[in-house]
Each structure stands twice: as structure tokens, then as C-alpha cells.
Amino acid sequence: MIHSGEVYINPLTDFGFKRIFGTPFNKELLIDFLNALLEGERQVSDVQYRNSENFGANEVERKAVFDVYCQSADGSRFIVEMQNVYQEFYKDRSIYYSTFPVTEQGKRGDWNYNLSPVYTIGILNFTFPEDKRSDSGIYKEVKLMDVNSKELFYDKLTYIYVELANFHKGLGELKTTLDKWLYALKNMQSLLSRPAELQGRVFEKLFKTAEIAKLDTEELREYEQSVNAYRDIKNGIDTAKAEGKAEGIKIGKEEGKAEGLQEAALNHAKAMKDMGMPSEVISKVTGLSPAQIDQL
């Protein structure tokens with residue numbers, strides 16, 4: 001259920017993400033967000049939304065369902081996904097998704113294989129395992145590279161991953177447009193009004209689009225279902241983390257206790273050996289093996 005004090009929808013829910021980025025009426029928001037992500041690599045002037053359900057070449061192949069799928073004026077394809085839960089094969093899935101915009105460009109007859117760029121973008125409400133030891137991993141841009149020369153091998157296939165879990169900037173620290181977008185996505189649900197730091201026509205439209213009061217009855221029902229699903233996922237993750245932490249503490253205590261007992265036995269054995277007591281007696285008292293006692 002939506003709390004009475006909430007003013008804006010949660011952009012990290014399925015409903016919220018698609019309402020903000022997945023409708024032609026709000027394509028201005030998507031264009032601004034894409035340009036912030038691309039950081040000047042190329043500018044997207046317009047987009048056309050495409051079918052977000054893509055099927056393989058035959059019924060045996062699995063279909064892919066994207067949160068947002070669009071094509072820019074120059075033919076570039078963009079898949080934009082919101083992912084709240086880490087999955088073991090998430091990277092595999094994002095690579096698999098990118099094959100659909102590639103293969104759909106194939107043409108019958110005489111064709112030279114010239115492809116338009118494909119961008120697969122993951123907005124992640126988690127941290128990749130390799131980044132958990134540092135909070136510096138926020139933005140990853142991955143392309144095909146020659147591992148020997150370290151030079152770019154192919155520039156038309158790009159994977160961008162944004163780890164929201166590692167974004168901790170406050171309002172006073174927002175410098176770039178991307179900073180502002182990430183702050184809005186992560187904190188909008190808890191805000192009561194649009195901050196002064198998020199000014200401009202795009203952010204004005206973003207906050208108006210996200211107002212819960214503007215939802216009609218059907219939209220409100222869909223949003224509540226999406227919120228419940230999001231909370232179930234979050235609670236499941238939090239519970240798993242808590243159980244894992246408790247289990248880790250329990251194991252640590254047990255391991256620590258075992259290590260303490262082992263160390264005490266070695267100290268007693270050494271003292272007894274210094275007193276000239278036979279190894280057999282020391283072994284019987286401490287539980288250590290004759291080989292361990294001989295090494296003291």
C-alpha cells in the first residue's frame with residue numbers, strides 16, 4: 001500500500017520506470033537521460049519507441065522483454081533496463097538481449113552487414129560482486145577491445161551499467177546532469193518537493209510525471225501492485241542479507257572458539273613438555289597428536 005505522505009512514485013518500480021522512460025509522451029525525459037549517460041559520445045536528438053517484446057527466429061528460441069526499447073534518428077538502438085536484484089547470469093542476459101537489436105537489422109538479399117550501433121543500458125539497484133569492496137564503481141561502459149593492444153576493436157556494441165547502490169552523493173555534490181538523474185531516481189520517492197538543485201524544464205517535467213496525485217484509478221492500482229512487488233523483492237533481499245550476516249557471525253564465533261581452544265592446548269602442551277612430561281601423557285591430557293607435540 002502507498003503511504004499517505006508519499007508525493008512521488010518510486011522510479012525503481014516497474015511501473016515507475018516505464019512511466020518515466022517508457023512512453024512516447026515522456027520521450028524528452030528518455031532523450032535527456034540517454035545523453036547524460038553517453039557523456040558526449042553522441043547526442044540523441046529524437047527517439048522512436050519500438051516493440052519491447054522481441055522473439056527469436058523460431059518458437060524454440062526464448063523471447064526477450066525489455067523495459068524500454070527505442071531507436072534514435074541515426075538508427076542506433078537502445079535497450080534500457082531497470083534491475084533491482086542481482087542475478088548470477090545477469091551479464092549473460094544483457095549480452096543475450098543485445099543480440100535482438102543486432103539480428104533484426106539483417107536484410108534480405110544483397111546486404112553488406114553494415115550495422116547501426118546498439119546500446120544495452122542497465123540501471124542496477126545492486127552492486128556487482130567485483131565492486132563490493134569499493135563504493136567507487138558507479139558507471140561502467142563496456143565495449144569490444146583488443147586485449148593485447150588495449151585498443152577499441154569495435155565501437156558499435158556498447159554496454160553501460162549504472163550501479164545505483166554505489167551512488168551516495170548529496171544535493172550539494174551534484175555536478176553533472178547524470179549526477180542529478182541518479183539522485184532523482186534513487187531519492188524521488190522520499191522527496192516532498194522538487195529540490196532547487198534539480199531545476200530546468202526536463203526535471204520539472206520529471207517531477208510532474210512522477211506525482212502520485214496525477215494517477216488515475218487504474219494507474220494507481222497498477223502502481224500499488226508494482227510497489228508491493230518491489231517491496232517483496234527488497235524484503236527478501238534484506239532478509240537474506242540478515243540471515244547471511246547472522247550465519248557469518250555464528251560461524252565466526254564457532255571458528256574463533258575452535259581456534260582459541262587449539263591455541264590453549266598448544267600452550268598447555270608446551271608447558272608440560274618443558275616440565276619433562278612424556279608425550280603420551282601430554283597427548284592424553286591435551287588431545288594433541290604426538291606429531292604436534294614433537295613440533296613444539
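Between which two strands is the loop that holds N51? N51 sits in the loop between β1 (47-49) and β2 (53-54), in a predicted model in which local features need pLDDT of at least 70, side-chain atom pairs count only at pLDDT 80 or more, and totals for chains, interfaces and linings use all residues. Residues are numbered from 1 along each chain as its sequence is written, and side-chain values use heavy atoms, with hydrogens and water left out.

**View 1. Overview of the protein.** The protein has eight helices and eight strands, where helices (H or I, at least four residues) and strands (E, at least two) are DSSP runs numbered from the N terminus. Of its 296 residues, 37% count as buried; buried means under 20% relative accessible area, exposed over 50%, and partly exposed in between (1.4 Å probe, protein chains only). Among the contacts with a separation of 6 or more, 59% are made by residues 24 or more positions apart, contact being defined as heavy atoms within 4.5 Å.

View 2. N51 counts as exposed because its relative accessibility is 53%. The C-alpha atoms of N51 and C70 are separated by 8.2 Å, although these residues lie 19 residues apart along the chain.

**View 3. T209 and R19.** T209 is found in helix α5 (residues 201-209), while R19 belongs to helix α1 (residues 14-21). T209 is buried, since its relative accessible area is 9%, and R19 is likewise buried, with a relative accessible area of 17%. The side chain of T209 makes a polar contact with the side chain of N26 (3.5 Å), a polar contact being a pair of N or O atoms within 3.5 Å, of which, within protein, one must be able to donate a hydrogen and the other to accept it, and for which residues adjacent in sequence count only if both atoms are side-chain atoms. The backbone oxygen of T209, in turn, lies 2.9 Å from a polar atom of the side chain of R19. Leaving aside neighbours within four places in sequence, T209 is in contact with R19, N26 and L29, and R19, with residues up to four places away not counted, touches I9, N26, T209, K214, L215 and E219.

**View 4. The nonpolar cores and W181.** A nonpolar core is a set of buried Ala, Val, Leu, Ile, Met, Phe, Trp, Tyr and Cys residues joined through side-chain atoms within 4.5 Å. Of the 50 residues in the largest nonpolar core, F21, L30, L34, W181 and L206 touch the most other members. Helix α2 (residues 27-38) gives the most to this core, with eight residues. Apart from it lies another core, of eight residues, among them Y90, V118, L124 and F128. Leaving aside neighbours within four places in sequence, W181 is in contact with F21, L29, D32, F33, A36, V202, F203 and L206.

**View 5. The largest cavity.** The structure holds one cavity of 30 Å³ or more, where a cavity is a set of points, on a 1 Å grid over the protein atoms alone, at which a 1.4 Å probe fits but cannot get out, and lining residues have an atom within 4 Å of a point. About 40 Å³ of space lies in the largest cavity, the volume being the space filled by probe spheres set on the points, which are joined across faces, edges and corners. Its lining consists of E81, Y90, R93, S94, Y97, T120, I121 and G122, to which α3 (90-103) and β6 (118-124) each supply at least two residues, with α3 giving the most, four residues.

How values were computed. 1 Å grid on protein atoms, 1.4 Å probe; cavity = no way out; pocket = protein on both sides within 12 Å on 5 of 7 lines; lining within 4 Å.
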